[in-house]
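Trainee: Can you walk me through this one? I'd like to start with the ligand and then go on to the sheets.

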Amino acid sequence: MLRINQLKFQYKKSANLLSYHFSINTGSIAILQGISGIGKTTLLHLIAGFLPASQGEIYWHQQALHRLPVEKRPVSLLFQQNNLFEHLTIAENLQLGHKLPPTQILASLIHLGGDARWLTAYPRQLSGGQQQRVALVRTLMRPEPLVLLDEPFSELDPQTRTNARQWVATYAHTHKKTLLLVSHDPQDIEQLDAQPIYIT
Ligand SMILES: Nc1ncnc2c1ncn2[C@@H]1O[C@H](COP(=O)(O)OP(=O)(O)OP(=O)(O)O)[C@@H](O)[C@H]1O
């Protein structure tokens with residue numbers, strides 16, 4: 001279980017105090033919802049360890065994540081943007097952070113409408129939606145059990161989005177991942193059979 005217990009954060013003294021309290025079951029998919037600027041992205045960064053909480057706790061099973069440095073947290077995070085290293089090819093980007101065979105990674109990419117020809121390209125040579133799918137594949141195929149996805153389908157057309165949702169749901173289920181994602185699209189909740197979590 002991921003347990004967010006009375007977690008609080010403030011960018012600076014004059015800013016709103018952001019506050020979070022909820023839990024999600026291991027192996028489930030949860031979707032963070034709430035109006036723009038309410039603090040969804042901030043929460044993902046607090047869980048991953050890129051921001052320090054001022055109060056509260058983050059527990060993954062019995063492990064106190066809030067006491068661990070970023071690299072020790074069992075977390076894989078897809079940012080809203082800039083997920084790929086510009087100086088590495090797509091193949092090199094896809095190889096980072098795991099030891100899976102390239103054929104398995106390519107199969108996932110193709111499932112999302114990707115193409116083997118992308119592998120030798122650099123990120124700047126792909127469209128925003130193509131880059132997003134590459135980054136999504138890498139984030140989910142890393143070994144960490146807790147996966148945080150910040151608007152993972154935002155750049156995709158409706159058909160590609162449907163395929164991407166199916167791949168994410170199947171991969172997460174098969175590999176026993178726990179997923180927490182940010183989305184404004186009600187269809188994501190329905191098709192991913194996800195638990196909505198409202199941030200207020
Ligand atoms: N680096 C920062 N420095 C100061 N304030 C910030 C910073 N990043 C975000 N904020 C502020 O913190 C609040 C929460 O931002 P956050 O990006 O977490 O919201 P969000 O719910 O993810 O928004 P959106 O749905 O628009 O992506 C906002 O008021 C934002 O202006």
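**Ligand, sheets and helices**

Trainee: Which residues are around the ligand?

Mentor: They are Tyr11, Ala15, Gly34, Ser36, Gly37, Ile38, Gly39, Lys40, Thr41 and Thr42. A residue is near a molecule if its C-beta atom, placed from the backbone, lies within 6 Å of it. This is a predicted model: local features need pLDDT of at least 70, side-chain atom pairs count only at pLDDT 80 or more, and totals for chains, interfaces and linings use all residues. Residues are numbered from 1 along each chain as its sequence is written.

Trainee: How do the shell residues divide into nonpolar, polar and charged?

Mentor: Three are nonpolar, six polar and one charged. Ala, Val, Leu, Ile, Met, Phe, Trp, Tyr, Cys and Pro count as nonpolar, Asp, Glu, Lys and Arg as charged, and the others, Gly among them, as polar.

Trainee: On to sheets. What is the strand order in the five-strand open sheet?

Mentor: The order is 6-7-8-3-9, with parallel pairing. Strands (E, at least two residues) and helices (H or I, at least four) are DSSP runs, numbered from the N terminus. Two strands pair if DSSP finds at least two bridges between them.

Trainee: Which strands stand at the edges?

Mentor: Strand 6 (75–78) and strand 9 (195–198) do. Each has a single partner strand, so one side of each is left without a neighbour in the sheet.

Trainee: How many bridges join strand 7 to strand 8?

Mentor: Five, between residues 146–150 and residues 178–182. Aspartate 150 has valine 182 in strand 8 as its bridge partner.

Trainee: And the four-strand open sheet, what order does that have?

Mentor: That order is 2-1-4-5, and the pairing is antiparallel. Six bridges join strand 1 (residues 2–9) to strand 2. Phenylalanine 9 stands opposite leucine 18 in strand 2.

Trainee: Where does helix 1 pack on that sheet?

Mentor: Helix 1 touches strand 1, strand 2 and strand 4 (55–60). Its direction makes about 110° with that of strand 1. Contact means C-beta atoms, placed from the backbone, within 7 Å. Axes are lines fitted to C-alpha atoms, for helices over the stretch in contact, and angles run from 0 to 180 degrees between N-to-C directions. Helix 1 (residues 40–48) also lies across strand 3 (29–33), strand 6, strand 7 and strand 8.

Trainee: New topic. At what angle do helix 4 and helix 5 pack?

Mentor: About 5°, with axes 11 Å apart. They are therefore roughly parallel, a label for angles under 35 degrees.

Trainee: Which residues meet there, helix 4 to helix 5?

Mentor: Gly129, Arg133, Leu136 and Leu140 in helix 4 meet Thr160, Ala164, Val168 and Tyr171 in helix 5. Five of the contact residues are nonpolar, two polar and one charged.

Methods:
Angles under 35 degrees count as roughly parallel, over 145 as roughly antiparallel, 65 to 115 as roughly perpendicular and the rest as oblique. Two residues are in contact if their C-beta atoms, placed from the backbone, lie within 7 Å.
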